[in-house]
Amino acid sequence: QVRLVESGGGLVQPGGSLRLSCAASGSGAGFLIMGWYRQVPGKQRDMVATVRKDETIEYATSVKGRFAISRDYAKNTVYLQMNSLKPEDTAVYYCYVQDFIEFRFFDFWGQGTQVTVSS
């Protein structure tokens, strides 16, 4: 059973920084993809940043140069360092992992953590 535990959200002023963490458990061979998505009310959930098992990283255009994703393979934990935060970064941030089990891909989501950027 895959379990995701997120932490690190909160309220920050524009220009500030936050660090999100997501500790994952339950994968036998390690997750194929770990990352972060975000969602605001009334809109779809969008990819923020992902890191694959082969260390390939992808960022949304809107966060490039400001956010940095990293992954601790030994701890199965993924981090999102968010710098130079803007009000438009306000959203619920969801941890995401993809696993490959018995020849099938499975997606798992965390419970979400609120990030609010406001003065």
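Author: On the surface, a nonpolar patch is formed by Phe100, Phe103 and Phe105, which together have about 410 Å² of accessible area (Shrake-Rupley method, 1.4 Å probe, with only the protein chains shown counting as cover for residues). Patches are made of residues with over 30% relative accessible area and no salt bridge, nonpolar side chains (Val, Leu, Ile, Met, Phe, Trp, Tyr) being joined within 5 Å and like charges within 9 Å; a salt bridge is a side-chain nitrogen of Lys or Arg within 4 Å of a carboxyl oxygen of Asp or Glu. The model is predicted, so local features need pLDDT of at least 70 and side-chain atom pairs count only at pLDDT 80 or more, while totals for chains, interfaces and linings use all residues. Residues are numbered from 1 along each chain as its sequence is written, and side-chain values use heavy atoms, leaving out hydrogens and water.

Phe100 is partly exposed at a relative accessible area of 40% (buried is under 20%, exposed over 50%, partly exposed in between, with a 1.4 Å probe and protein chains only), and Phe100 belongs to strand 9, residues 91-101 (strands are DSSP runs of E, at least two residues, and helices runs of H or I, at least four, numbered from the N terminus).

Strand 9 also holds Cys95, which is linked to Cys22 in strand 3 (residues 18-25), 73 residues apart. Cys22 is buried at 0% relative accessibility, and Cys95 is buried with a relative accessible area of 0%.
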